[in-house]
Each structure stands twice: as structure tokens, then as C-alpha cells.
Amino acid sequence: MNVIESAEHRDLRAAVARLAGRYGREYFATAVREGRHADELWEEAGKHGYLGVNLPEEYGGGGGGITELALVLEELGAAGCPLLLMVVSPAICGTVIARFGTDEQKRTWLPGLASGTLKMAFGITEPDAGSNSHRLTTTARRDGTDWILNGRKVFISGVDAADATLIVGRTEDAGTGRLKPCLFIVGRDTPGFTRRSIAMELASPEKQFELLLDDVRLPAEALVGDEDAGLLQLFAGLNPERIMTAAFAIGMGRYAVARAVDYARTRQVWDAPIGAHQAVAHPLARSHIELELARLMMYKAAHLYDAGDDAGAGEAANMAKYAAAEAAVRAVDQAVHTLGGNGLTAEYGLASLITAARVARVAPVSREMILNYVSHQTLGLPKSY
Ligand SMILES: Cc1cc2nc3c(=O)[nH]c(=O)nc-3n(C[C@H](O)[C@H](O)[C@H](O)COP(=O)(O)OP(=O)(O)OC[C@H]3O[C@@H](n4cnc5c(N)ncnc54)[C@H](O)[C@@H]3O)c2cc1C
């Protein structure tokens with residue numbers, strides 16, 4: 001693994017940073033204020049090939065991996081305009097369809113997911129399951145060649161903007177009667193598939209939804225991949241999700257530290273700018289170091305994933321998501337503090353990042369569940385639940 005970025009990666013970063021710099025935080029904040037999506041940025045990023053940089057070339061993608069897609073999202077975040085749907089549409093849904101979809105599913109979805117003209121949300125979380133995905137109850141049963149889906153989902157991002165949602169349900173194993181995870185593409189306007197917006201205290205153009213699946217009838221072609229390999233297919237999508245959440249958090253943390261550094265260089269209330277005081281400078285330096293370290297772990301996870309090591313990527317993706325979320329939460333907190341009262345003004349727009357950064361601490365898997373994973377899987381400690 002090369003821990004030093006390649007020239008291609010540096011060029012990609014620079015190109016994305018140029019594009020994102022033309023939009024910036026003000027564009028993003030305006031979209032939030034006006035209650036609309038960041039469509040212009042999404043479309044332009046799609047036209048340049050940035051949204052589908054990980055998808056296969058034969059379907060209009062860039063032929064790269066999650067490494068490149070994570071780098072794109074990090075740079076958008078560092079400019080103050082991260083696109084949350086990149087975590088689900090090209091990273092989870094695009095990857096799962098590219099790896100396990102039928103030729104027809106690939107032809108139908110991948111070119112649009114790559115160019116950004118199609119979007120797909122991802123729904124796994126359920127109100128009564130939460131962090132314990134073994135308790136998922138959204139169930140698919142066969143009716144002739146069709147599937148009938150029933151269940152509820154919660155906190156699903158971007159369903160209004162997405163052409164379809166990749167729903168994690170369960171089917172009954174004919175032999176054992178046990179439920180096993182399966183993935184279904186559910187079109188936005190499918191009868192029986194309804195959504196209710198959840199009021200969130202988050203300044204984000206993407207909204208979260210509660211979904212109801214009430215006897216949703218789907219054709220056989222809605223099932224993605226093999227009915228008997230659901231878990232493997234699911235993790236093929238969940239590892240990229242964790243790596244992308246790390247990128248999202250690192251970008252946001254970089255943005256916050258940069259704003260604080262700008263401010264601390266010039267704000268002067270004694271003889272020297274406040275940034276000369278070590279009590280102001282050191283926490284920002286520490287955040288910079290923590291974000292760099294988290295990025296190294298993100299690269300490791302992305303590298304393992306792109307090399308086809310799903311098992312190795314699992315541990316690294318969890319650790320990268322953990323490190324990035326913690327680094328981002330601390331970076332944002334310190335940035336807000338560095339601006340004094342201005343840290344809480346709408347003009348500087350930093351305080352809204354406090355809730356946004358915390359999303360990475362709880363989603364897609366919480367800090368505690370990662371600590372549980374490392375305790376049990378890595379350290380071999382016994383389980384309490
Ligand atoms: C902004 C946002 C966007 C989201 N987008 C999506 C999306 O697009 N698709 C999707 O499927 N989901 C999405 N989610 C849902 C997210 O993945 C869940 O919120 C997350 O998995 C946690 O589940 P929960 O909220 O039910 O918390 P719970 O599982 O109820 O957990 C509550 C608290 O208890 C702790 N806890 C639970 N069990 C244990 C344990 N065994 N040991 C120690 N601590 C424990 C948790 O760490 C947490 O702090 C989103 C959430 C947010 C906030």
C-alpha cells in the first residue's frame with residue numbers, strides 16, 4: 001500500500017477542490033435556507049465524472065475505486081459543500097449493483113448513478129432494530145414470481161430526491177425457516193411505498209425520512225444479487241459506506257479547522273493575534289493531526305476494499321469511521337470555540353456543523369458499536385449482549 005498519494009490522486013483532489021471552491025459554503029447554506037437540494041453542484045460533479053469515479057468504465061464510470069470516490073467527497077466537504085448522497089448512491093448502491101447486479105440492473109442503473117442523473121437512497125435502519133440489524137423485520141415473501149415487501153424504515157436520507165431506494169429486507173430460508181438479508185430496488189413511486197419527512201435539527205440539503213412499505217409488490221428483477229448471499233452482498237455496500245462517512249467527516253473537520261485558522265491569524269484582542277496563544281493554536285494543531293491520522297486509516301480501508309479484501313476492509317473501515325468522526329467532532333467544537341461569540345453567529349455559519357459532525361459519530365454505525373466490534377473481533381473480548 002502506498003501511503004503517499006499518487007500524482008493522479010493529487011490531480012483529482014485539486015480538480016474537485018477547484019469545482020467545489022466555485023460553490024463553497026455560501027452556496028450550500030443558501031440551498032439549506034431555501035429548502036432545496038444542492039442540485040447544481042451534484043449535476044456538475046456528475047458531468048465531470050466525479051460521482052461515478054468508482055464505477056466500471058463500461059457503464060460510464062471512471063473505473064477507479066472507493067479510494068477515489070472518498071477523495072472526491074473529502075474535497076467537497078473541505079470546501080464546505082459535502083454531498084451526503086454520495087455516501088449512498090454511487091458508494092453503496094452503485095458498488096452493490098456493479099458487483100452483484102444482473103446485466104439488466106447494471107444497464108438500467110449504473111450509467112445514471114455514474115453521471116448523477118439517477119440517484120439511489122439506501123434503507124437499512126428500522127425503528128425497532130436500530131444498531132441491532134439482526135432484528136430487522138422488513139420481510140419479503142414470494143407471490144408467484146413477484147415479491148411482496150412489508151416493513152418500516154427510519155432516518156433514510158434523500159428518499160425524496162432518489163429515483164429508487166435500495167431496501168434491506170429479509171426473506172425466509174426455505175430449508176431452515178430463518179430470515180436472511182436481501183436487497184431490493186424499490187422505485188420512488190411504487191404503490192404502497194410511502195414516506196414521511198422527519199424534522200431534524202440539521203443544516204443539510206438532504207432530508208431524512210421514515211418509510212412505510214405496505215404490501216409493496218415488486219417484480220423478480222427488483223432483487224439485487226443472490227438470495228442466498230445477502231450478508232456478503234450487504235457488507236460489500238456497508239464497508240464503502242463507512243469509508244465514505246470517514247471522508248465526509250474528514251472534509252468537514254478540515255473545513256472547520258481552516259475557518260478557525262483564518263480567524264485566529266487576524267483576530268487580535270491583546271498584543272498578538274489570538275492564534276499566537278498556544279491555548280488557541282495547540283488544539284487546532286491537534287485537530288489537524290487527528291484528521292491526517294484518520295485519513296491514513298481511511299486510505300488503508302479503501303485500499304483493502306479496492307484490492308478485494310472485504311474481510312480486512314471491514315475492520316479498517318470501522319476504525320477509519322471511528323477515528324474520522326471523533327476527529328471531526330473535536331475539530332468542529334474547537335473551531336466554533338476559536339471564533340468566540342462569532343462561532344455561534346449565522347454569519348460565520350460554523351455552529352450548525354456541531355450537529356452535522358455528530359451525525360458521523362452515530363451513523364451509519366455508532367461509536368459504541370465500533371468499539372464493540374473491535375472489542376470482540378479484534379481483541380477477542382467476550383460479548384455482553
Ligand atoms: C442524519 C442521519 C442520516 C441517516 N441516514 C441513513 C440512511 O440513509 N439509511 C439508513 O439506513 N440509516 C440512516 N441513518 C440511521 C443511522 O444509521 C442510525 O441512526 C444508527 O445506525 C443508530 O441507530 P439508532 O438511531 O436506532 O440508535 P440505537 O441503536 O437506538 O442506539 C442508541 C444509542 O445506544 C447505543 N447502543 C446501542 N446498542 C449498544 C450496545 N450494544 N452497546 C453499547 N452501546 C449501544 C448507541 O451507540 C447509541 O449511542 C441516518 C441517521 C442520521 C442521524
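Reply: Gladly, and a definition comes first: two residues are in contact if their C-beta atoms, placed from the backbone, lie within 7 Å. This is a predicted model, in which local features need pLDDT of at least 70 and side-chain atom pairs count only at pLDDT 80 or more, while totals for chains, interfaces and linings use all residues. Residues are numbered from 1 along each chain as its sequence is written.

Me: Which residues does Thr137 touch, not counting residues up to four places away in sequence?
Reply: Thr137 is found in the loop between S1 and strand S2 (139–143); helices (H or I, at least four residues) and strands (E, at least two) are DSSP runs, numbered from the N terminus. Leaving out residues up to four places away in sequence, Thr137 touches Glu126, Asp128 and Gly151.

Me: Is Thr137 buried, exposed or partly exposed?
Reply: A residue is buried if 20 or more other C-beta atoms lie within 10 Å of its own, exposed if 12 or fewer, and partly exposed in between, with C-beta atoms placed from the backbone. Thr137 has 14 other C-beta atoms within 10 Å, so it is partly exposed.

Me: Which helix gives the most to the side of domain 1 that touches domain 2?
Reply: The chain is divided into domain 1 (7–118), domain 2 (122–225) and domain 3 (231–378), with bounds that come from an automatic or database domain assignment. The contact takes 17 residues from domain 1 and 14 residues from domain 2. Helix H1 (7–33), helix H4 (85–100) and helix H5 (103–115) each supply at least two residues of the domain 1 side. The helix that gives the most, with seven residues, is H4.

Me: Which residues come nearest to the ligand?
Reply: A residue is near a molecule or strand if its C-beta atom, placed from the backbone, lies within 6 Å of it. The shell around the ligand draws at least three residues from each of domain 2 and domain 3. Of the 22 residues around the ligand, those that come nearest are Gly130, Ser131, Ser157, Ser366 and Glu368.

Me: What joins Ala363 and Pro364?
Reply: Pro364 is found in the loop between H9 and H10. Omega is about -5° here, and what joins Ala363 and Pro364 is a cis peptide bond.

Me: How far apart are the end C-alpha atoms of helix H10?
Reply: The expected span of a helix is 1.5 Å times one less than its number of residues. H10 (residues 367–378) has 12 residues and should therefore span 16 Å, which agrees with its end C-alpha atoms being 16 Å apart.
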